[in-house]
Amino acid sequence: MSEFFQMIALIDSEYTEKTAVTTPPNQSLADTVIAYIANNSSTNITAQSIAEHFRISQVTLNKELSQVTKLPLGKYLKQVRLMHARYLLLSTNYSVAYIANYCGFSSAKVLERNFKAWKK
């Protein structure tokens, strides 16, 4: 676990403050989905629940989003959750277990594993 905290200290120099994302009218589907994910990343959203929310198929959702982000929806969602976890780890005193759960990871170990893979 100490390696995990060392990684967090190393990324402190890359810290950027999270800003709220709003969705203006007449945006593309991908932009609207990106804003929706940014605003709901701490909830238990999945590709299926996002597709249902926008009343489109998962195939269409993934195609539209990957054209903009160059990532499949699952990887994009994990990236957003990791960035949110990084923000919380750097700016709060919450426990790693709490942040993992809050950001949609099943445990602190899963967050740690994904964080290490993300930051190498």
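Visitor: How many aromatic pairs does the count come to?
Guide: Keep in mind that you're looking at a predicted model. Two rings pair up here if their centres lie within 6.5 Å. By this rule, the count comes to 4 aromatic pairs.

Visitor: What kind of aromatic pair do Y36 and F54 form?
Guide: Their ring centres sit 5.4 Å apart, and there are 80° between the planes. Planes over 60 degrees apart count as edge-to-face. So the pair of Y36 and F54, with its 80°, is edge-to-face.

Visitor: How many residues apart in sequence are the parts that this pair ties together?
Guide: Y36 belongs to helix α2, while F54 belongs to helix α3. The pair therefore links parts of the chain whose separation in sequence is 18 residues.

Visitor: Are Y36 and F54 buried or exposed?
Guide: Buried means under 20% relative accessible area. Y36 and F54 both fall in that class, so the word for the two of them is buried.

Visitor: And the rings of Y94 and Y98, is that pair stacked, edge-to-face or tilted?
Guide: Their centres are 4.8 Å apart, with the planes at 55°. Stacked needs under 30 degrees and edge-to-face needs over 60.

Visitor: Which residues form one aromatic cluster?
Guide: Y94 is partly exposed, at a relative accessible area of 46%. Y98 is partly exposed too, at 41%. The cluster is made up of Y94, Y98 and Y102.

Visitor: Let me step back. How many helices and strands does the chain come to?
Guide: Reading from the N terminus, the elements run α-α-α-α-α-α-α. The tally for the chain is 7 helices and 0 strands.

Visitor: What share of the contacts with a separation of 6 or more comes from residues 24 or more positions apart?
Guide: The chain has 120 residues, of which 35% count as buried. Among contacts with a separation of 6 or more, the share from residues 24 or more positions apart is 57%.

Visitor: Which elements are included in what covers the buried residues of α2?
Guide: Helix α2 covers residues 29-40, and its 12 residues should span 16 Å, which agrees with its end C-alpha atoms being 16 Å apart. Its buried residues are A30, V33, I34, A35, Y36, I37 and A38. What covers them includes α3, α4 and α5.

Visitor: How far apart are the end C-alpha atoms of α5?
Guide: Helix α5 has 19 residues, and at 1.5 Å a residue they should span 27 Å. The model agrees with that, as the end C-alpha atoms of α5 are separated by 27 Å.

Visitor: Are α5 and α7 roughly parallel, roughly antiparallel or roughly perpendicular to each other?
Guide: The axes of α5 and α7 come within 11 Å and cross at roughly 100°. Angles of 65 to 115 degrees count as roughly perpendicular. So α5 and α7 are, relative to each other, roughly perpendicular.

Visitor: By class, what residues does the contact of α5 with α7 have?
Guide: On the α5 side, the residues are K78, Q79, L82, M83, A85, R86 and L89. They meet L111, N114, F115, W118 and K119 of α7. Sorted by class, that contact has 7 nonpolar, 2 polar and 3 charged residues.

Visitor: Which residues does N114 touch, not counting those up to four places away in sequence?
Guide: N114 is found in helix α7. At 13% relative accessibility, N114 counts as buried. Leaving out residues up to four places away in sequence, N114 touches K78, L82 and F105.

Visitor: At what relative accessibility does I99 count as buried?
Guide: I99 lies in helix α6. Its contacts, beyond four places in sequence, are A85, L88, L89, T92, Y94 and L111. I99 counts as buried because its relative accessibility is 0%.

Visitor: In which loop does R55 lie?
Guide: R55 isn't a glycine, yet it has a positive phi of about 55°. R55 is exposed, with a relative accessible area of 76%. Its place is the loop between α3 and α4.

Visitor: What about K70, where does that residue lie?
Guide: K70 also isn't a glycine, and its phi is positive, near 65°. K70 is exposed, with a relative accessible area of 65%. You'll find K70 in the loop between α4 and α5.

Notes:
Residues are numbered from 1 along each chain as its sequence is written. This is a predicted model: local features need pLDDT of at least 70, side-chain atom pairs count only at pLDDT 80 or more; totals for chains, interfaces and linings use all residues. Side-chain values use heavy atoms; hydrogens and water are left out. Helices (H or I, at least four residues) and strands (E, at least two) are DSSP runs, numbered from the N terminus. The expected span of a helix is 1.5 Å times one less than its number of residues. Buried means under 20% relative accessible area, exposed over 50%, partly exposed in between (1.4 Å probe, protein chains only). Contact means heavy atoms within 4.5 Å. Axes are lines fitted to C-alpha atoms, for helices over the stretch in contact, and angles run from 0 to 180 degrees between N-to-C directions. Angles under 35 degrees count as roughly parallel, over 145 as roughly antiparallel, 65 to 115 as roughly perpendicular and the rest as oblique. Ala, Val, Leu, Ile, Met, Phe, Trp, Tyr, Cys and Pro count as nonpolar, Asp, Glu, Lys and Arg as charged, and the others, Gly among them, as polar. Rings of Phe, Tyr and Trp (its six-membered ring) pair if their centres lie within 6.5 Å; planes under 30 degrees apart count as stacked, over 60 as edge-to-face and the rest as tilted.
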